[in-house]
Amino acid sequence: MKQVLILLTFMLYAGLANAQQDAQQSQYMFNGIYINPAYAGYKENLNLHSFYRAQWTGIQGAPVSMSLAVDASANDGNVGLALQISNDKLGAQSNLAAYANYAYRVRLNGDGTSRLAFGLGIGVMQLGINGSLLDTNDPEAYQPTGAQNYIVPDGRAGIYFSNERLYVGVSADNLISQFGDFKNHVYLAQPKPHFYFTAGALFSLTEDIKIKPSVLLKDDRAGPTSLDANAFLMFGEKFWVGGSYRTGVKLYTKNYLQANLSNSNAVVGAIEVFPVENLRIGYAYDISIGPLQGYSAGTHEISIGYYFKTRKSRMLTPRYF
């Protein structure tokens, strides 16, 4: 069993050496700033959000991610501003990043409930590797034995449309860091651009029950394209309960991928609770249904959100998103 786990971890590490994967999230639909800078200011209040994710528990060196974000609107909701900090670890690798995001939110109707936002994010990324954690039988000549770090600038961009009942967004990140000079840092995973498409809607089933279906499509042009299909029910404006199915999909031909890769990834169960109107606490549990099935004890993700009412709240619209 130990040899199998070491092999799985090594395979994951080797894959990331060619394509730096962004941290996975299962509750992204409750704060889109993590994947789209145009989401900044969407809730039109000062909004704090954080999450912690322990992925594939039980496997040594499995990914651990955490992030903190704050965003707000200005100029009568026409401008969104956000700051986010994240820290991701995977085996011997680490990624510490910070971004300042700006969104210009165009009104599409008189009361501003329908908007088209254009967002940009500028930041820095510190990529690192701890050579002391690389336990190999046949070390390479230039394999690092201690900590190695490299700081690169980075940028992200996105577009986000929303009205009272639906939203659609497209975005891309790692737009600048991909051009860093990695000749002297060959053991650091060079970031590759990631592209996201998100869409969702909010429907009332009864006076007290709402349903929110949504999708996330993610592609990095190096690994398999990933699709999340999500559905949540809200009861009495007090809590969400729902789940997701994550799978690989084929949008276009990638001849460099193995022909026998499994598309199955994970199923997710999640709950979001509102103890008070402006506090949200969420928990998600991912179960692997792909090659890691039987080796991982699952993935745990906790999120906390709090917003300060700086203007009249519109929580009954897609500000729930």
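Four cavities of 30 Å³ or more were counted in the predicted model. A cavity is a set of points on a 1 Å grid over the protein atoms alone, where a 1.4 Å probe fits but cannot get out. Grid points are joined across faces, edges and corners, and a volume is the space filled by probe spheres set on the points. The second largest cavity has a volume of about 90 Å³. Ten residues line this cavity, each with an atom within 4 Å of a point. Gly-32, Tyr-39, Tyr-160, Tyr-167 and Thr-198 lie nearest its centre. The lining comprises seven nonpolar, three polar and no charged residues. Here Ala, Val, Leu, Ile, Met, Phe, Trp, Tyr, Cys and Pro count as nonpolar, Asp, Glu, Lys and Arg as charged, and the others, Gly among them, as polar.

Residues are numbered from 1 along each chain as its sequence is written, and side-chain values use heavy atoms, with hydrogens and water left out. As the model is predicted, local features need pLDDT of at least 70 and side-chain atom pairs count only at pLDDT 80 or more, whereas totals for chains, interfaces and linings use all residues.

Tyr-160 also belongs to the largest nonpolar core, which holds 27 residues. A nonpolar core joins buried Ala, Val, Leu, Ile, Met, Phe, Trp, Tyr and Cys residues through side-chain atoms within 4.5 Å. Buried means under 20% relative accessible area (1.4 Å probe, protein chains only). Met-29, Ile-33, Tyr-160, Phe-232 and Trp-240 touch the most other members. Strand 11 (225–235) and strand 13 (264–276) each give two or more residues to this core. Strand 13 gives the most, with three residues. Strands are DSSP runs (E, at least two residues), numbered from the N terminus. A second, separate core has twelve residues, including Ala-97, Tyr-99, Phe-182 and Leu-188.

Beyond four places in sequence, Ile-33 is in contact with Tyr-39, Ala-40, Ala-69, Ala-82, Gln-84, Asn-101 and Arg-156. Contact means heavy atoms within 4.5 Å.

Arg-115 is found in strand 5 (residues 115–130). Arg-115 counts as buried because its relative accessibility is 2%. Its side chain makes a polar contact of 3.5 Å with that of Glu-44. Such a contact is a pair of N or O atoms within 3.5 Å, one able to donate a hydrogen and the other to accept it; residues adjacent in sequence count only if both atoms are side-chain atoms. Arg-115 also touches Tyr-160, Phe-161 and Ser-162, among others.

Pro-191 lies in the loop between strand 7 (166–173) and strand 8 (194–201). Pro-191 is buried, at 0% relative accessibility. Its C-alpha atom is separated by 9.5 Å from that of Asp-173, 18 residues apart along the chain.

Note on methods
Helix = DSSP H or I, 4+ residues; strand = E, 2+ residues; numbered from the N terminus. Buried < 20%, exposed > 50% of the residue type's maximum accessible area, 1.4 Å probe, protein only. 1 Å grid on protein atoms, 1.4 Å probe; cavity = no way out; pocket = protein on both sides within 12 Å on 5 of 7 lines; lining within 4 Å.
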